[in-house]
Amino acid sequence: AWVRTDGMPLLVNREHFMPDGYQPVELVDMSSYCPGNIVKIKYSGTQAERVAVDALIRMLKDAHTQGITVWQVSAAYRGESYQQQLFDQQVQEYMDKNDLSRADAISATRLTVMEPGSSEHHTGLAFDITVPGVAFKGTEQAEWLAENCWQYGFIIRYTSDKEDVTGILAEPWHIRYVGVEHSIPMRQQNLCLEEYIAK
């Protein structure tokens with residue numbers, strides 16, 4: 001189910017961990033690479049695959065011409081050690097604040113934080129898009145993305161109608177680059193990545 005080099009898709013989820021030794025092809029530093037007037041990069045040092053960043057810039061430039069101008073990237077590529085940190089922090093928080101046992105805290109954490117090796121962010125092809133200061137769901141940006149992102153090679157990776165397939169609650173802010181030759185048929189046939197790869 002892997003593919004890449006560069007037939008794109010690449011399924012990473014709780015059942016399919018990153019292939020051993022997987023390396024992103026070409027990471028770029030988004031803070032210096034992306035035009036600041038088009039997209040704000042929340043954290044300096046945020047990296048992602050060049051091919052996906054180029055598509056993102058193209059897409060957001062078009063959004064600007066349509067009057068949707070406030071965009072921020074709050075997460076992109078993450079190495080597995082960083083994902084481990086995020087996971088462990090959340091487990092600790094549940095143990096401290098909710099007085100959960102370690103096992104229960106791990107189960108609770110798995111609902112919202114992917115285990116290291118199972119996060120799409122390891123691919124360098126996924127972005128969390130946000131609007132500073134507001135919840136993303138229901139914003140004009142969220143609506144524009146859902147409507148248009150597939151024309152630029154992106155998919156909304158986790159949608160509410162596919163929660164039973166992906167096992168992930170809907171995340172209107174999490175987009176994944178797969179390339180237009182895949183995003184367009186996925187959109188036309190209403191397939192999530194799991195279903196598309198299974199075909």
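Visitor: How many aromatic pairs does the structure hold?
Guide: The structure, which is a predicted model, holds four aromatic pairs. In one of them, the ring centres of W71 and W144 are 6.0 Å apart and the planes meet at 70°, so this pair is edge-to-face.

Visitor: Where do W71 and W144 lie?
Guide: W71 is in the loop between α2 and β4 (72-75), while W144 belongs to helix α5; the pair therefore ties together parts that are 73 residues apart in sequence.

Visitor: Is W71 buried or exposed? And W144, buried or exposed?
Guide: W71 is buried, at a relative accessible area of 2%. W144 is buried as well, with a value of 7%.

Visitor: Which residues do ring pairs link into a cluster?
Guide: The cluster consists of W71, W144 and Y152, linked by ring pairs.

Visitor: What about F127 and F154, what kind of aromatic pair do they form?
Guide: F127 and F154 form an edge-to-face pair, with 6.1 Å from centre to centre and 65° between the planes. The pair links distant parts of the chain, since F127 sits in strand β5 and F154 in strand β6, 27 residues apart. F127 has 0% relative accessibility and counts as buried; F154 is also buried, with a relative accessible area of 0%.

Visitor: Which residues does F154 touch, leaving out those up to four places away in sequence?
Guide: With those neighbours left out, F154 touches A52, A55, L56, M59, F127, C149, I175, R176, Y177 and S183. As for E49, that residue is 105 residues from F154 in sequence and 13 Å from F154 in space, C-alpha to C-alpha.

Visitor: Changing topic to the strands: which residue in β7 stands opposite F154?
Guide: F154 stands opposite Y177 in β7. Elsewhere along these two strands, I156 faces I175 and Y158 faces E171.

Visitor: In which sense do β6 and β7 pair?
Guide: They pair in the antiparallel sense, over four bridges. Strands β5 and β7 also run antiparallel, joined by three bridges, and A126 has R176 as its bridge partner in β7.

Visitor: In what order do the five strands form the sheet?
Guide: The order is β2-β4-β5-β7-β6, in an open sheet with mixed pairing. β2 (40-41) and β6 stand at the edges with a single partner strand each, so one side of each has no neighbour in the sheet.

Visitor: How many residues of β6 are buried?
Guide: Five of the five residues of β6 are buried, so the strand is largely enclosed by the rest of the structure. β7 is mostly covered, with five of its seven residues buried.

Visitor: Back to α5, then. Which of its residues are buried?
Guide: In α5 (residues 140-148), the buried residues are Q141, A142, W144, L145 and N148. Viewed down the helix axis, these buried residues fall within an arc of 165°, so they line one face of α5.

Visitor: Why do residues three or four places apart point the same way?
Guide: An α-helix has 3.6 residues a turn, so residues at that spacing point the same way.

Visitor: What covers the buried residues of α5?
Guide: The cover includes α2 (50-65), β5 (126-130), β6 (154-158) and β7 (171-177).

Visitor: One more topic: what volume does the largest pocket have?
Guide: The largest pocket has a volume of about 760 Å³. Of the 31 residues that line this pocket, A75, R78, L86, H121 and D128 are the closest to its centre.

Visitor: Which elements give two or more residues to that lining?
Guide: Those elements are β4, α3 (80-97), β5 and β7. Two of them, β5 and β7, are also among the elements that cover the buried residues of α5.

Methods: Residues are numbered from 1 along each chain as its sequence is written. This is a predicted model: local features need pLDDT of at least 70, side-chain atom pairs count only at pLDDT 80 or more; totals for chains, interfaces and linings use all residues. Side-chain values use heavy atoms; hydrogens and water are left out. Buried means under 20% relative accessible area, exposed over 50%, partly exposed in between (1.4 Å probe, protein chains only). The arc is that of the directions from the helix axis to the C-beta atoms. Contact means heavy atoms within 4.5 Å. Two strands pair if DSSP finds at least two bridges between them. Rings of Phe, Tyr and Trp (its six-membered ring) pair if their centres lie within 6.5 Å; planes under 30 degrees apart count as stacked, over 60 as edge-to-face and the rest as tilted. On a 1 Å grid over the protein atoms alone, a cavity is a set of points where a 1.4 Å probe fits but cannot get out, and a pocket is an open set with protein on both sides within 12 Å along at least five of seven lines; lining residues have an atom within 4 Å of a point. Grid points are joined across faces, edges and corners, and a volume is the space filled by probe spheres set on the points.
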